[in-house]
Amino acid sequence: MLPCAHCWPCRGPRSEMSVPGCSSSPCSSPVTLVLLIYLVFTRFWPISALYLAWVIFDWDTPEKGGRRLPCLRRWSVWRHFRDYFPVKLVKTHDLSPGHNYIIGSHPHGILCVGAFCNFITGSTGFSELFPGIRPFLTTLAGNFRLPLFREYLMSGGLCPVTRRAIGHLLSKNGTGNAVAIVIGGAAESLSCSPGVTTLILKNRKGFVRMALQHGAFLVPSFSFGENELFRQVVFEEGSWMRAVQQRFQKMMGFAPCVFYGRGLTSVRSRGFLPYARPITTVVGEPVTVPKIEEPSSEVVDLYHGMYVRSLLKLFNDNKTKLAEAPEVPSPGLQ
């Protein structure tokens with residue numbers, strides 16, 4: 001089961017991004033909700049009552065680092081998941097356990113497969129490549145209000161994409177924490193297409209401000225092949241269908257992408273399974289960030305520019321080796 005990853009807010013007073021989404025919420029979450037409601041009307045109603053009491057008692061845990069289970073990262077199913085595409089993690093620089101980090105994950109794609117496989121599962125060897133570093137991945141805070149599904153998310157090391165949750169990991173959980181944020185979010189998923197990379201990044205500066213406030217180093221990462229997993233009908237800006245997608249995104253928190261992959265019976269059939277395309281996630285050089293509790297807009301712009309340049313350098317240094325197409329243009333920035 002693959003939860004969607006989401007990005008950090010770029011503006012405004014809200015603690016969570018206004019459009020933090022991916023294609024959809026996992027289908028099993030409403031099933032568990034319906035099951036618990038059904039049990040209320042049976043002789044097993046105490047199960048629902050006890051779980052509701054537990055959720056109320058445990059409500060703030062996702063905002064305080066969650067409750068990760070290291071054994072979940074070692075499940076053998078993740079190795080099969082990795083090998084299906086396959087997914088590979090490439091290290092370019094060391095990450096010192098003496099610092100905390102915000103890892104910017106690009107691009108979003110449809111399902112953030114690269115970010116999930118590398119930062120949540122242990123199948124690609126993150127802990128061996130970066131000893132002493134604990135990876136976390138942010139996702140929509142609403143997912144942690146879904147019964148049972150919230151327990152699964154926390155056990156894997158996912159946390160809400162809120163200031164409070166990320167601030168806790170960067171300031172109250174010691175050092176050696178790496179919080180991965182898919183910067184482009186739902187807006188970026190609407191533009192993903194094979195052979196084309198469009199990054200929503202120019203006005204996404206909230207993650208830089210957060211890094212400055214906690215002195216967390218900024219680390220760019222790029223998943224080559226992420227946009228090759230599905231075929232999407234991309235509607236032009238200004239079209240009525242694009243307007244419907246954007247309005248839905250603002251209301252519900254995720255983007256209703258029109259896409260397809262392969263079917264169950266044949267590679268040539270159409271369905272909703274991702275195509276088996278290699279994904280290589282390259283983790284770049286950390287951008288050293290000082291701790292400034294109240295950074296000015298000018299300082300935020302300065303480090304945002306440094307991050308963007310570091311990301312583009314990472315892409316250009318690796319595109320000829322890792323991208324499938326022989327001629328790969330630099331990603332467009334919006």
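What is the order of the three strands in the open sheet that holds S8, S9 and S10? I looked this up in a predicted model. The order is S8-S9-S10, and the pairing is antiparallel.

**Entry 1. The three-stranded sheet**

I checked the edges next. S8 (231–232) and S10 (270–271) each have a single partner strand, so one side of each has no neighbour in the sheet. I then went through the pairings. S8 and S9 are joined by two bridges in the antiparallel sense, and Gln 232 has Phe 259 in S9 as its bridge partner. S9, residues 259–262, also pairs with S10 over two bridges, again antiparallel. On that side I found Gly 261 opposite Gly 271 of S10.

I moved to S2, residues 101–106, and asked how many of its residues are buried. Six of the six are, and I noted the strand as mostly covered. In a regular strand the side chains alternate between the two faces of the sheet. In S2 I found Tyr 101, Ile 103 and Ser 105 pointing one way, with Ile 102, Gly 104 and His 106 pointing the other way. The residues of both sets are buried.

I looked up two partner strands. S5 (residues 177–182) runs parallel to S2 and is joined to S2 by five bridges. Ser 105 has Val 182 as its bridge partner in S5. S7 (residues 217–224) pairs with S2 in the parallel sense over six bridges, and there His 106 stands opposite Phe 222.

I followed the chain out of S2. The peptide bond from His 106 to Pro 107 is cis, with omega near -20°. Pro 107 belongs to the loop between S2 and helix H5 (113–119). Cys 112 is in the loop between S2 and H5 as well. I noted a positive phi of about 55° for Cys 112, although this residue is not a glycine.

Pro 86 sits in the loop between helix H4 (77–84) and strand S1 (87–91).

**Entry 2. Helix H7 and its ends**

I went to helix H7, residues 149–156, to see how far it is covered. Eight of its eight residues are buried, so the helix is largely enclosed by the rest of the structure. The buried residues include Arg 150 and Glu 151, along with Phe 149, Tyr 152 and Leu 153.

I then checked what lies on either side. Leu 148 is in the loop between strand S3 (134–139) and H7. Its phi is near 65°, a positive value in a residue other than glycine. Leu 148 counts as partly exposed, at 38% relative accessibility. After H7 comes Gly 157, with a positive phi near 95°.

Thr 61 lies in the loop between helix H2 (45–57) and helix H3 (70–73). The relative accessible area of Thr 61 is 18%, and buried means under 20%, so I listed Thr 61 as buried.

**Entry 3. Helices H10 and H12**

At what angle do the axes of H10 and H12 cross? The axes of H10 (residues 206–214) and H12 (residues 297–322) cross at roughly 105° and come within 9 Å. The two helices are therefore roughly perpendicular to each other. From H10 I listed Phe 207, Val 208, Arg 209 and Leu 212. They meet Ser 297, Val 299, Val 300, Tyr 303, His 304 and Tyr 307 in H12. I sorted this contact by class and have seven nonpolar, two polar and one charged residues.

Asp 301 is also in H12. I have Asp 301 as partly exposed, with a relative accessible area of 39%. Its side chain makes a polar contact with the side chain of Lys 205, at 2.7 Å. I looked up Lys 202 as well: Asp 301 and Lys 202 are 99 residues apart in sequence and 10.0 Å apart in space, C-alpha to C-alpha.

Methods: Residues numbered from 1 in each chain as written. Predicted model: local features only at pLDDT ≥ 70, side-chain atom pairs only at ≥ 80, totals over all residues. Heavy atoms only, no water. Pairing = 2+ DSSP bridges. Helix = DSSP H or I, 4+ residues; strand = E, 2+ residues; numbered from the N terminus. Buried < 20%, exposed > 50% of the residue type's maximum accessible area, 1.4 Å probe, protein only. Axes fitted to C-alpha atoms, helices over the stretch in contact; angles between N-to-C directions. Parallel < 35°, antiparallel > 145°, perpendicular 65-115°, else oblique. Contact = heavy atoms within 4.5 Å. Nonpolar A, V, L, I, M, F, W, Y, C, P; charged D, E, K, R; others polar. Polar contact = N/O pair within 3.5 Å; in protein donor to acceptor, adjacent residues only side chain to side chain.
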